[in-house]
Amino acid sequence: MSYNLLKGKRGIIFGALDENSIAWKVAEKVQEEGGVFTLTNAPVALRLGTINRLAEKCNAIVIPADVTLTEDLENLFAKSVEQLGGKLDFLLHSVGMSPNVRKGKEYTDLNYEFYHKTLDISAMSLHRTLQVAKKMDAIAEGGSVVTLTYIAAQRVFPGYNDMADAKAMLESVVRSFGYYYGKDKKVRVNAVSQSPTKTTAGTGVKGFDGFYNYAELMSPLGNASAAECADFCVALFSDLTKKVTMQTIFHDGGFSYMGVSTEVIAKFGEL
């Protein structure tokens, strides 16, 4: 069912790789709700993924951008505003990558060059994106920026590695930049802390199946799917959430407030 929540609104969606991506689901939902947008990802991800199929389906253009390069982001915003015919109303930052995770490095034995790349791509990129947007005045007053995070920013999840540090930094950027952008342009900046989700990036984390199954048993509503996350992101893009900003909002079926569940107790009773 469509409610036309984003009718007449323009935006950019970062990070759609394939049909399992949360960003992919967000793009489909935004179009369903009447929004128009450009799509972007790193050049290497564009070669590996199937984003052109999504672009064709959503009548969107793809603009490559390396989020660690200011000039790429400047080009992205300039072309998006030109293509869409005006300032942007929403932006999804669905960006994260850890070379340490990919190379199987343990948290207590990190490669620091990799660590810097993790922070640059997964957290500093939000600051850089917002800084470029603000300087270019590319986001319209009252616009909405959403980034994706995970509860490992606040609690220990062995195997999530240096991505936990990156997500903690990301959530700090949400609060700090949200203050300045809110004061100046009424632009909202929020993070959605999503359940473990079976995306290409998520399943690359060591022990992911354990995270996923444990969260499913712990959450009274069960894990939130990528499509359900897309619904929530659309609500945050819409005018129904005009006074919601600087928040890390848990979209996790209740997991974040659970101590233990009867299902988990039962599992331990079987040991």
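Reader: Are D120 and R128 buried or exposed?
Author: This is a predicted model. In it D120 forms a salt bridge with R128, with the closest N and O atoms 3.2 Å apart. Buried means under 20% relative accessible area. By that cut-off, D120 and R128 are both buried.

Reader: Which parts of the chain does the salt bridge between D137 and K87 tie together, and how many residues apart are they?
Author: The side chains of D137 and K87 meet at 2.8 Å, N to O. D137 lies in the loop between α6 (112-136) and β4 (139-149), while K87 lies in the loop between α4 (70-84) and β3 (88-93), so the pair ties together parts that are 50 residues apart in sequence.

Reader: Where does K185 lie, which meets D137 in a salt bridge?
Author: The side chains of D137 and K185 meet at 3.4 Å, N to O. This pair links distant parts of the chain, 48 residues apart. D137 is in the loop between α6 and β4, and K185 is in helix α7 (residues 163-185).

Reader: Which residues do salt bridges with shared partners join into one network?
Author: The structure holds 10 salt bridges. Those that share partners join one network of K29, E32 and D231.

Methods:
Residues are numbered from 1 along each chain as its sequence is written. This is a predicted model: local features need pLDDT of at least 70, side-chain atom pairs count only at pLDDT 80 or more; totals for chains, interfaces and linings use all residues. Side-chain values use heavy atoms; hydrogens and water are left out. A salt bridge is a side-chain nitrogen of Lys or Arg within 4 Å of a carboxyl oxygen of Asp or Glu. Helices (H or I, at least four residues) and strands (E, at least two) are DSSP runs, numbered from the N terminus. Buried means under 20% relative accessible area, exposed over 50%, partly exposed in between (1.4 Å probe, protein chains only).
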